[in-house]
Amino acid sequence: MKVDVLLGLQWGDEGKGKVVDVLTPRYDVIARFQGGPNAGHTLEFGGQKYVLRSIPSGIFQGDKLNVIGGGVVLDPALFKAEAEALEASGHPLKERLHISRKAHLILPTHRLLDAAGEAAKGKSKVGTTGKGIGPTYTDKISRNGLRVGDVEREDFDALYRQAKERHLAMLRGLMTAEDYTAALAKLEQTEPEWMAGVDYLRSFTLTDSEHEINKLLKAGKSVLCEGAQGTMLDVDYGSYPFVTSSNTICAGACTGLGVAPGRIGRVYGIIKAYCTRVGSGPFPTELMDETGDKLCSIGHEFGAVTGRRRRCGWIDLVALRYAIMLNGVTDLIMMKSDVLDTFETIKACVAYEIDGKVVEDFPYSIAGADGQTAPNVKPIYTELPGWQCPLSQMTSEDEFPEEFNNYLSFLEEELEVPIRIVSVGPDREQTIERYVEDGLTENV
Ligand code: GDP
Ligand code: IMO
Ligand code: MG
């Protein structure tokens with residue numbers, strides 16, 4: 001069996017959680033492969049809204065096995081809070097959630113290091129989610145990390161103390177004496193919660209998930225991999241250094257789950273009908289005017305994790321072509337189409353103009369000295385007429401207005417990938433599948 005991968009093609013928050021939930025009935029296993037509680041994946045059904053951070057979005061549909069893979073970083077305290085809230089809302093997970101022993105643990109001191117690192121950067125800060133993601137992946141790469149499997153060791157407490165002491169020494173170097181004292185006080189507050197989280201983690205099935213997943217594939221089971229963040233936040237290919245610390249691209253599913261590249265089947269690229277970004281960093285199509293404010297208010301563009309206002313702008317086809325290339329996207333899924341319902345015209349950036357030259361390949365850097373979009377990078381737009389009618393009640397593509405069909409065809413021509421699914425609202429039901437009859441996908 002093949003492994004299908006679902007990931008964001010922009011700067012995150014494309015609507016991945018909703019689509020994973022919609023596709024879950026068609027798979028046996030749903031697996032997260034990277035990232036951690038920096039993610040906030042929102043799902044809506046039956047009038048209820050859920051935000052998932054570390055738990056895969058396949059937890060609500062049937063008795064599917066959900067796996068937190070080895071490429072993920074897990075904060076036991078946040079995991080416990082998330083899991084207990086789900087259990088309390090009538091969604092038991094102990095039987096259906098397995099956690100890789102190879103996933104790395106986010107320690108309370110990682111969160112402090114994240115904050116201190118950002119403070120030290122001053123104006124050029126990344127604008128992280130503050131969840132300790134960067135420092136945890138740094139420890140992993142420098143071979144200092146603690147892993148989920150370590151909680152099963154008798155000497156876990158000693159391992160934890162060792163790591164904590166190392167982090168405290170680093171913090172002393174980064175902070176004033178006063179801030180360091182405050183950090184210690186915070187640590188004292190959060191540590192018991194974290195330790196309770198570690199204990200809670202021990203009550204779950206901790207597995208060598210690479211073996212588990214490959215055995216399931218051999219037995220004919222289908223797997224959907226759920227990405228977090230988005231391609232433009234990839235540590236290698238995103239808008240570095242304004243990125244997260246993991247590989248968000250398709251290759252991350254191979255390393256994060258231990259599946260061979262030849263196993264990859266369909267790659268679903270999730271896009272918004274426009275574009276958003278949270279935190280610092282360049283964003284060529286960002287709108288700093290009332291159109292941007294309108295996208296933000298109609299799209300409710302506020303972070304699911306931090307509540308921060310998301311920066312909004314038009315769709316960027318230069319970045320999307322790049323993302324499609326890096327991921328080998330076979331199918332596009334377009335979200336939040338309804339947010340554009342009232343716009344008279346819609347713009348799409350087809351190329352950048354840089355120092356008077358037309359650039360179609362996403363360049364090495366588009367950031368200026370201040371970390372924002374360099375002033376010499378200008379988007380070149382194509383303008384299309386808006387449809388100016390509500391899409392959210394529509395249930396089939398036969399109902400789509402001509403202008404919306406034109407927008408879809410324009411994007412498909414520019415991106416050379418079919419748009420398989422169109423989302424017209426946050427609810428599970430507000431999802432319209434296209435090309436159903438021509439067998440574009442086997443699983444779907
Ligand atoms: P993720 O991180 O990629 O899973 O996306 P988020 O959950 O952070 O952000 C997507 C937001 O858009 C959530 O609030 C969803 O409920 C919402 N959403 C998803 N699809 C649609 C859609 O088609 N229309 C509208 N209006 N909202 C949507
Ligand atoms: P989902 O999975 C949007 C951004 C942060 C910051 C940068 C680095 O919900 O799409 P980090 O805490 O990872 O070190 O922050 O990445 N970021 C996200 N933006 N959606 C996310 O996740 C994100 N996860 C991290 O805002 O700019
Ligand atoms: Mg999100």
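Which residues are closest to ligand 1? Select the ligand and look for G15, K16, T42, D338 and S423, the closest of the 19 residues that surround ligand 1 (a residue counts as near if one of its heavy atoms lies within 4 Å).

Before you click further, some housekeeping. This is a predicted model, where local features need pLDDT of at least 70 and side-chain atom pairs count only at pLDDT 80 or more, while totals for chains, interfaces and linings use all residues. Residues are numbered from 1 along each chain as its sequence is written, chains are lettered from A and ligands numbered from 1 in the order in which they are written, and side-chain values use heavy atoms, with hydrogens and water left out.

**Stop 1: ligand 1**

Stay on ligand 1 and show its polar contacts (pairs of N or O atoms within 3.5 Å; within protein, one must be able to donate a hydrogen and the other to accept it, and residues adjacent in sequence count only if both atoms are side-chain atoms). A polar backbone atom of K16 sits 2.8 Å from an oxygen atom of the ligand, and a polar backbone atom of G17 is 2.9 Å from a ligand oxygen. On its own, ligand 1 has 580 Å² of accessible area, and the protein covers 93% of that (Shrake-Rupley method, 1.4 Å probe; for residues, only the protein chains shown count as cover).

Next, color α1 (16–23) and β3 (41–45), the elements that give two or more residues to this shell. Helices (H or I, at least four residues) and strands (E, at least two) are DSSP runs, numbered from the N terminus. By class, the shell of ligand 1 has four nonpolar, seven polar and eight charged residues. Here Ala, Val, Leu, Ile, Met, Phe, Trp, Tyr, Cys and Pro count as nonpolar, Asp, Glu, Lys and Arg as charged, and the others, Gly among them, as polar.

**Stop 2: ligand 2**

Hop over to ligand 2. Of the 21 residues around it, D13, K16, H41, T129 and T244 come nearest. Pick T244: a polar side-chain atom lies 2.6 Å from an oxygen atom of ligand 2. Q229 brings a backbone N or O atom to 2.8 Å from a ligand oxygen, and V278 has a polar backbone atom 3.1 Å from an oxygen of ligand 2. The protein buries 98% of the 550 Å² that ligand 2 exposes when taken alone. Sorted by class, this shell holds eight nonpolar, ten polar and three charged residues.

**Stop 3: helix α10**

Select residues 317–327. Why is helix α10 largely enclosed by the rest of the structure? Eight of its eleven residues are buried (under 20% relative accessible area; exposed is over 50%, partly exposed in between, with a 1.4 Å probe and protein chains only). Among them are L317, Y322 and N327. At the N-terminal end, D316 caps α10, with a side-chain oxygen 3.0 Å from the backbone nitrogen of V318. After the helix comes G328, whose phi is positive, near 65 degrees.

**Stop 4: K121**

Find K121 in helix α3 (residues 108–121). K121 is partly exposed, with a relative accessible area of 40%.

**Zoom out**

Buried residues make up 57% of its 444 residues.
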